[in-house]
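User: I'm new to reading protein models. Could you walk me through a few features of this one?

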Amino acid sequence: MKPWAKKFYRSAAWQKARHAYIVKRYGLCERCGQPGTIVHHKIYLSPKNINNPSIALNDEHFELLCKDCHNKEHFEKYSATRNGFAFDNEGNLIHK
């Protein structure tokens, strides 16, 4: 998790929005149907938009993904996942 995002992802507002979205999607990955654990932002968060609730907390911009589908999403866009890295269940980049 990027340092500028830690406060947001630990906030009560995010935890509430995340939980509500998981329930709304019956806990299933929207791409493959396996259990979903990561609420992915379709509009990638940045220091400029993370404090904008219409982007960061709007479930129209969320997608519930399993760990594998989340890794695939970022594999296509970022090279780190090609080099022995992956994302854990909370979306943090980790070394495999």
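User: Let's start with the largest pocket. How many residues line the largest pocket, and which lie nearest its centre?

Analyst: Keep in mind that this is a predicted model. The lining of the largest pocket is made of 26 residues. Nearest its centre you'll find Met1, Tyr9, His74, Phe87 and Gly91. E1 supplies the largest share, with four residues.

User: How much space lies in the largest pocket, and what classes of residue make up its lining?

Analyst: The space comes to about 760 Å³. Sorted by class, the lining has 13 nonpolar, nine polar and four charged residues.

User: Next, aromatic rings. How many aromatic pairs does a search of the whole structure find?

Analyst: It finds five. To read a pair, check how far apart the ring centres are and how the planes are angled. Take Phe8 and Trp14: their ring centres are 5.4 Å apart and their planes sit at 40°, so we call this pair tilted. An angle over 60 degrees would count as edge-to-face, and one under 30 as stacked.

User: Are Phe8 and Trp14 buried or exposed?

Analyst: Buried means a relative accessible area under 20%. Phe8 has 10%, so it is buried. Trp14 has 3%, so it is buried as well.

User: What kind of aromatic pair do Trp14 and Phe62 form?

Analyst: An edge-to-face one, with 5.5 Å from centre to centre and 85° between the planes. Trp14 belongs to helix H2 and Phe62 to strand E2 (residues 62-65), so this pair ties together parts that are 48 residues apart in sequence. Both residues of the pair are buried.

User: Now a loop residue. Where does Ile43 lie, and is it buried or partly exposed?

Analyst: Look in the loop between E1 and helix H3 (53-56). Ile43 has a relative accessible area of 34%, so it counts as partly exposed.

User: Which residues is Ile43 in contact with, leaving aside its neighbours within four places in sequence?

Analyst: Those are Asn49, Ile55 and His61. Ile43 and Glu60 are 17 residues apart along the chain, and their C-alpha atoms are separated by 9.9 Å.

Key: Residues numbered from 1 in each chain as written. Predicted model: local features only at pLDDT ≥ 70, side-chain atom pairs only at ≥ 80, totals over all residues. Heavy atoms only, no water. 1 Å grid on protein atoms, 1.4 Å probe; cavity = no way out; pocket = protein on both sides within 12 Å on 5 of 7 lines; lining within 4 Å. Points joined across faces, edges and corners; volume = space filled by probe spheres on them. Helix = DSSP H or I, 4+ residues; strand = E, 2+ residues; numbered from the N terminus. Nonpolar A, V, L, I, M, F, W, Y, C, P; charged D, E, K, R; others polar. Phe/Tyr/Trp six-rings, centres within 6.5 Å; stacked < 30°, edge-to-face > 60°. Buried < 20%, exposed > 50% of the residue type's maximum accessible area, 1.4 Å probe, protein only. Contact = heavy atoms within 4.5 Å.
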